[in-house]
Amino acid sequence: STRDFKMEQFHKKKGKEGTRGSNLIAKENLETLTFYRNMIFGSNGIFFTINTLLGYHYQTFDITMFAVCFIVYIGSFQFMRSMGNPKMTDNGQVLDPGVDLNMEGGLAEHCKDLIILTSVTQILSLLSNWLWLLLLLVPARVGLMLWTNIIAPWIFQPAPEEDIPDKKRAKMERKMKRAMR
């Protein structure tokens with residue numbers, strides 16, 4: 001029936017996900033870059049428009065925090081742009097689509113999170129200058145990622161097992177048993 005057909009559209013496909021073509025990856029990368037560019041322009045526009053309409057006088061702190069946001073925006077966006085930059089032939093065919101910016105767990109995901117956090121912080125800072133402290137979540141997250149992915153596994157890795165011949169291991173076990181008596 002039509003109800004069953006409609007419900008099938010919402011079921012997640014099981015099995016291996018199909019590979020996506022170079023043209024599709026290049027197109028989605030361009031859409032992703034456009035979205036985050038618009039987010040950057042939008043948050044800056046809202047920030048300056050509201051501050052100007054309220055007759056706010058920019059202090060050194062405000063200019064400094066905007067400079068921090070500007071550096072984060074430019075660095076993250078340009079990094080994503082260089083990662084997702086497709087290589088094209090003269091006739092417009094895609095040779096290499098670049099890195100898939102929408103891949104889960106990729107480096108671009110962290111850049112997108114950084115842009116989102118910076119945009120949200122910039123807009124929320126209109127309510128109070130104390131909300132600029134949300135930018136401290138960035139080094140906290142970096143520290144957590146370093147701990148969980150690099151430092152903790154390195155510190156807590158099990159000692160390497162030595163290849164001891166069976167005879168020698170049995171002899172050592174007998175010695176241990178004698179020492180325990």
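Begin by selecting Asn29, which has its place in helix 2 of what is a predicted model. With a relative accessible area of 0%, Asn29 counts as buried, because the cut-off for that class is under 20%. If you then display its surroundings, leaving aside neighbours within four places in sequence, you will find Asn29 in contact with Gly84, Pro97, Val99, Asp100 and Leu101.

Next, select the whole of helix 2 (residues 22-53) together with helix 4 (residues 107-124), whose axes come within 9 Å and cross at roughly 15°. Helix 2 is therefore roughly parallel to helix 4, since angles under 35 degrees fall in that class. The crossing in which helix 2 passes helix 4 is left-handed.

To see the contact itself, show the side of helix 2 that includes Thr32, Tyr36, Met39, Ile40, Ser43, Asn44, Ile46 and Phe47, and, across from these in helix 4, the residues Lys112, Ile115, Ile116, Ser119, Gln122 and Ile123 that they meet. Sorted by class, this contact of helix 2 with helix 4 has 8 nonpolar, 5 polar and 1 charged residues.

Now centre the view on Ile115, which, not counting residues up to four places away in sequence, touches Tyr36, Met39, Ile40, Tyr73, Ser76, Phe77 and Met80.

From there, move to the largest nonpolar core, a set of 16 residues in which Met80, Leu101, Ile115 and Trp132 have the most contacts. Two or more residues of this core are given by each of helix 2, helix 3 (60-83) and helix 4, and the largest share, 6 residues, comes from helix 3.

Methods: Residues numbered from 1 in each chain as written. Predicted model: local features only at pLDDT ≥ 70, side-chain atom pairs only at ≥ 80, totals over all residues. Heavy atoms only, no water. Axes fitted to C-alpha atoms, helices over the stretch in contact; angles between N-to-C directions. Helix = DSSP H or I, 4+ residues; strand = E, 2+ residues; numbered from the N terminus. Parallel < 35°, antiparallel > 145°, perpendicular 65-115°, else oblique. Left-handed = near helix turned anticlockwise from the far one by under 90°. Contact = heavy atoms within 4.5 Å. Nonpolar A, V, L, I, M, F, W, Y, C, P; charged D, E, K, R; others polar. Core = buried A, V, L, I, M, F, W, Y, C linked by side-chain atoms within 4.5 Å. Buried < 20%, exposed > 50% of the residue type's maximum accessible area, 1.4 Å probe, protein only.
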